[in-house]
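Take a walk through this model with the structure open beside you.

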Amino acid sequence: MAHQPFPRGRSEGESQALSAGEPIAAIATPAGRGGIGVVRLSGRGVRAIGAALLGELPSARVATLRDFRAARGELIDRGLAIFFPAPHSYTGEDVLELQAHGGPMVMRQVLARCVEAGARLAEPGEVTRRAFLNGRIDLAQAESVADLIDAASEEAARSAARSLAGEFSRRVHAIVAAMTDLRMHVEACIDFPEEEIDPTDRAALEVKRVALAAALDAILDEARQGAVLRDGLTVVLAGAPNVGKSSLLNRLAGEEVAIVTPVPGTTRDYVRATIAVEGVPIHLIDTAGLRDTDDPVERIGVERAWRAIESAGAALLVESPVDEGKPVGTHRFPAGVPCARVVNKIDLVPGHPVPRMQPGETELRVSAKTGEGIAALRAWLLDAAGWRPHGEGLFMARQRHIDALEDAKAHVTRAAEASQAFDLMAEELRLGQRALGRITGEVSADDLLGAIFSRFCIGK
Ligand SMILES: Nc1nc2c(ncn2[C@@H]2O[C@H](COP(=O)(O)OP(=O)(O)OP(=O)(O)O)[C@@H](O)[C@H]2O)c(=O)[nH]1
Ligand SMILES: [Mg+2]
C-alpha cells in the first residue's frame, strides 16, 4: 500500500467539508496598527455570519469590496471580503476573510460583530488544527506553519517553507513505502523454512534493508541539521572579572548590548543576546565575572553565572593575559558540553605565548577590541551547535521528528538482527512504520495534538 502525501486528505472533488466545526473567528494579523487587518472565520454557519455582516456573501474566491456593518446597520469599516467555500480553503471548511483597516478598534469591532452573529473566538492554533483534521495538511506541515512564522533567520524560514510545502512529509512517506515493500517481501518468506528460500531472493531482501537503513540515516542527518537551525545553541560566556566577556558579547552581537567598563565586577546579572551565524541562532549569555566577593549583589550575580553555566549547551571560558583571576575549570559543566578557552585582549600583548592546551581542549585567541580571531570564534560556535556546511535541501525538524526517526531506525536495526526469524523481522518493520506515522500524524494522540497546536498564535 503506497501512502499518499496527505493520507487523511479528501479528494478535491468533494463538496462538503469532512467535519465542519462550529464557526470560529480570530484576528489573523498581529496586534497593533497596520494598513490592513484580517479577521478570519471558519466553520459551519460562516455563510450566515458573512451575510449578516456584509448584507450578501461575495462570490467564491473573488475579493469583493463590502461594507462591514454592525447589528443595527452602522458602518464599522469598508474593506475586502473573500469567501472560500469548503473544501477549497485553508481549513477545508467554509472560510471567510475580512480585510479591514488594521487599527485595533476596527479589528475589535469586526471580531465582536462576528461573535455577535454566531461565531466563537478561536483558540490558539485552532484554524491550523482544523486544516490538519480535515486532511488539508499533515502534522509535520502544520508544525512548519508555526516554524515559518517564528523563523528567526532566512535559512530557517526557507527550510520551514520546504517542510510546509510537504517535502519532509514526502521523504517520510517514501521511506514508509520502502518499509512496506520490505515487509511484504519478508512476510512472503514467513511460511517457508529457511533452506527453501532462494539465496538470490535472500540477497535482494538484504539489499532492500541496507537501502532502507541508509535512507533513514540520511533523513535523520538532515532533520538534525534542521533542528539546529530551529533551536540553535545556548552559549555561556564565563570567566574571571574584567577579562572582556561583555566586550566579546557586544562584538559578536555587533551592538552595545552589555555595559563595558574597566571596573572588575561590571556585569552582575545575565545579559542575553541572540545572534545568527549563517542562519543558526546562537543564544549568548554574558555572566558576572567569577570571583569570591563580599558584595551581596555581585555574589548573587556569581551564583547566577554558575547556574547559567550548569545549563548551557556550550561555553566560552574567557581569560586574558593581562588580567588577574584564575581560568574557569570545566568541572561544573555538564558532561559533554563543548567548551572553548578564549584568550582575549591579544591586541595588548602581541606574540604573547599561548598557554599550553590540554588534549581535546579548544583554544581561540581573540581581541574583542580589534575583532581579530572573531571569525574563528564564530566558526567554533557553528561547529559546537552541530552545524555542518551543506547544500540546499534542509527542512525544519523538531525533536519530536528526530525521536520518531531514531525510533524507526532502531526497529530497522532490530529487524536486521532478527534476519533469521522472518516473523520477528516483519513485526519490527511494522513498528518502524508506526514510528514514522507519528511524524505526519497518521498515528497521533490527542494530547500530542493539544501540545502542538496550543503553542500557535491565535488566528493561525
Ligand atoms: N585592549 C583590549 N581591551 C579589552 C578587550 N576586551 C575588553 N577590553 C577592556 O577590558 C575591560 C573590561 O571589559 P568587560 O567587557 O567589561 O569585561 P568583563 O569580563 O565583562 O568584566 P566583568 O563584567 O566585570 O566580569 C574594558 O575596559 C574593556 O574595554 C580587548 O580585546 N582588548
Ligand atoms: Mg561584563
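Ligand 1 has 23 residues around it, and Lys245, Ser247, Gly265, Thr266 and Asp347 come nearest. A residue is near a molecule if one of its heavy atoms lies within 4 Å of it. This is a predicted model: local features need pLDDT of at least 70, side-chain atom pairs count only at pLDDT 80 or more, and totals for chains, interfaces and linings use all residues. Residues are numbered from 1 along each chain as its sequence is written, chains are lettered from A and ligands numbered from 1 in the order in which they are written, and side-chain values use heavy atoms, with hydrogens and water left out.

The shell around ligand 1 divides into eight nonpolar, 11 polar and four charged residues. Here Ala, Val, Leu, Ile, Met, Phe, Trp, Tyr, Cys and Pro count as nonpolar, Asp, Glu, Lys and Arg as charged, and the others, Gly among them, as polar.

Look next at individual atom pairs. A polar backbone atom of asparagine 242 is 2.9 Å from an oxygen atom of ligand 1. The side chain of asparagine 344 has an N or O atom 3.1 Å from a nitrogen atom of ligand 1. For lysine 369, a backbone N or O atom lies 3.2 Å from an oxygen atom of the ligand. Taken alone, ligand 1 exposes 640 Å², and the protein buries 89% of that. Accessible areas come from the Shrake-Rupley method with a 1.4 Å probe.

Most residues other than glycine have a negative phi. At 22% relative accessibility, asparagine 242 counts as partly exposed (buried is under 20%, exposed over 50%, partly exposed in between; 1.4 Å probe, protein chains only).

Now the metal. Which protein donors does the magnesium ion (ligand 2) have? They are Ser246 (OG) and Thr267 (OG1), lying 2.0 Å from the ion. Serine 246 is in helix H8 (residues 245-253), and threonine 267 is in the loop between H8 and strand S8 (271-277), 21 residues apart. Donors are N, O and S atoms within 2.8 Å of the metal (3.2 Å for Na, K and Ca); water is not among the atoms, so the site may look incomplete. Serine 246 counts as buried because its relative accessibility is 8%. Threonine 267 is buried too, at 11%.

Note on methods:
Helices (H or I, at least four residues) and strands (E, at least two) are DSSP runs, numbered from the N terminus. A polar contact is a pair of N or O atoms within 3.5 Å; within protein, one must be able to donate a hydrogen and the other to accept it, and residues adjacent in sequence count only if both atoms are side-chain atoms.
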